[in-house]
Amino acid sequence: MDPVHNPFAPGAGAPPPELAGRGPLLAKAGIVLARVKAGRPERSLLMVGLRGVGKTVLLNRVRELAEGEGFRTVSVEAHEDKRLPALLLPPLRQLLVGLDRMATVSVKAKRALRVFKSFLDGVRVKVGEIEIGIDVDPEIGTADSGDLEADLPALFQALGEAAADRGVPVVILIDELQYLSETELSALIMAMHQIAQRQLPVVLVGAGLPQLVGLAGRAKSYAERLFEFPEVGALAPADAHAALQEPVAEQQVAFTEPALDAIYAQTQGYPYFLQEWGYQSWNLAQASPIDVDVVRRATEDSIRRLDQNFFRVRFDRLTPREKDYLRALADMGDDAQRSGDIAERLGMKVQSVAPLRSGLIRKGMIYSPAHGDTAFTVPLFADFMKRVMPDERRARD
Ligand SMILES: Nc1ncnc2c1ncn2[C@@H]1O[C@H](COP(=O)(O)OP(=O)(O)OP(=O)(O)O)[C@@H](O)[C@H]1O
Ligand SMILES: [Mg+2]
């Protein structure tokens, strides 16, 4: 069928034609926003889930909801090689300048700008890459120690007081939170703790891979009381069917039931894969309804496409030894495996495998669903590893 009218949207953060199965989570986010706006205490939301389940899409939806409710937003994506202040400061500057420039004068908003300047002076020493100017005098002695765990809470407090004074609630959205360093995560948690204690109208809505829960708990043990960690997972069969059927129905097209079942069996309900299979099926179908034969051919195209991009970009970032590790894990199955068993399979000691495993967790390739267990963060990655490295035992470097 005409590819120009293909409704499906496989791609990182690409808004799906039908945001299926996320009603309860969005309702929850709506309540959090409404409570924060009303000045009531509320725990920040940190959504956790595997690659391609729709975390970024949800964060973007929450931002739209918040903007509709009159929130100002700060939106950043954490990155392995970029420090948190460098990411956070440009949008924070814009927000603070905006709060200052409202019709009336606010002492709190002016002070927040001065604290921002102090913070900048403090971190500039550490983070050379920051190039942000601001034409105010710093508030010397506040937020300028250069110690992020002291300075970020002070900055957030000044921001929160300005927001409260302006009657403007603020939501800070951070994607890929698992990439923050321990100090950064700790500073962020402490900052949100200050905000919560003072009931200031600032809320954090974040997203990250499942290891985020453990990282936050290790950074600050009270993180679990401060945040809620809703899980974002694969879609249940009925929701997966809706994700496929609703978008095509708008164009008087339908999938047959067996076709929907076949796609579910291939994708296990993972949103990214549903988009990919829907996309290929639409392009291959001659006419409605889209049947199992089309899906069978779409499966070949979908897997080829995933192998070339979704999986490939992750594979290409691995060292040969990391590839061997993941290949061994893949061979043991799709589920979590005991770290000791993986080491044994590699013919190595657990202690010698540990740095390799930590590196892979930092890269966001694997996580530990329970102590001593290891699993892929990318759904269906085990099959990919077997396709791309047919022989388990390759020469190790
Ligand atoms: N609820 C949903 N129903 C149908 N499709 C969805 C849904 N949520 C997300 N998608 C689709 O899934 C794909 C992945 O979404 P997104 O990039 O938000 O995932 P993610 O969890 O942020 O992944 P990553 O961890 O790789 O960043 C996109 O193509 C998006 O359109
Ligand atoms: Mg994402």
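This is a predicted model: local features need pLDDT of at least 70, side-chain atom pairs count only at pLDDT 80 or more; totals for chains, interfaces and linings use all residues.
Residues are numbered from 1 along each chain as its sequence is written, chains are lettered from A and ligands numbered from 1 in the order in which they are written, and side-chain values use heavy atoms, without hydrogens and water.

**Ring pairs**

I searched the whole structure for aromatic pairs and found 13. Rings of Phe, Tyr and Trp (its six-membered ring) pair if their centres lie within 6.5 Å; planes under 30 degrees apart count as stacked, over 60 as edge-to-face and the rest as tilted. The F310 and F311 rings form an edge-to-face pair, because their centres are 5.5 Å apart and their planes stand at 70°. I then checked burial (buried is under 20% relative accessible area, exposed over 50%, partly exposed in between; 1.4 Å probe, protein chains only). F310 counts as buried at 7% relative accessibility, and F311 counts as buried at 2%.

F311 also pairs with F381: the centres are 5.7 Å apart and the planes at 70°, so this pair is edge-to-face. F311 lies in the loop between helix 12 (292-308) and helix 13 (312-315) and F381 in helix 17 (residues 381-388), so the pair ties together parts 70 residues apart in sequence. F381 counts as buried, at 0% relative accessibility.

I recorded the cluster linked by ring pairs: Y270, Y272, F273, F310, F311, F315, F376, F381 and F384.

Three strands form an open antiparallel sheet in the order 6-8-7. Strand 6 (337-338) and strand 7 (366-367) are its edge strands, each pairing on one side only. Strands are DSSP runs (E, at least two residues), helices are H or I runs of at least four, and both are numbered from the N terminus; two strands pair if DSSP finds at least two bridges between them. I found 2 bridges joining strand 7 to strand 8 (residues 373-376). I366 has F376 of strand 8 as its bridge partner, and F376 is also one of the cluster residues.

**Whole chain**

I counted 17 helices and 8 strands in the protein. Of its 397 residues, 51% count as buried.
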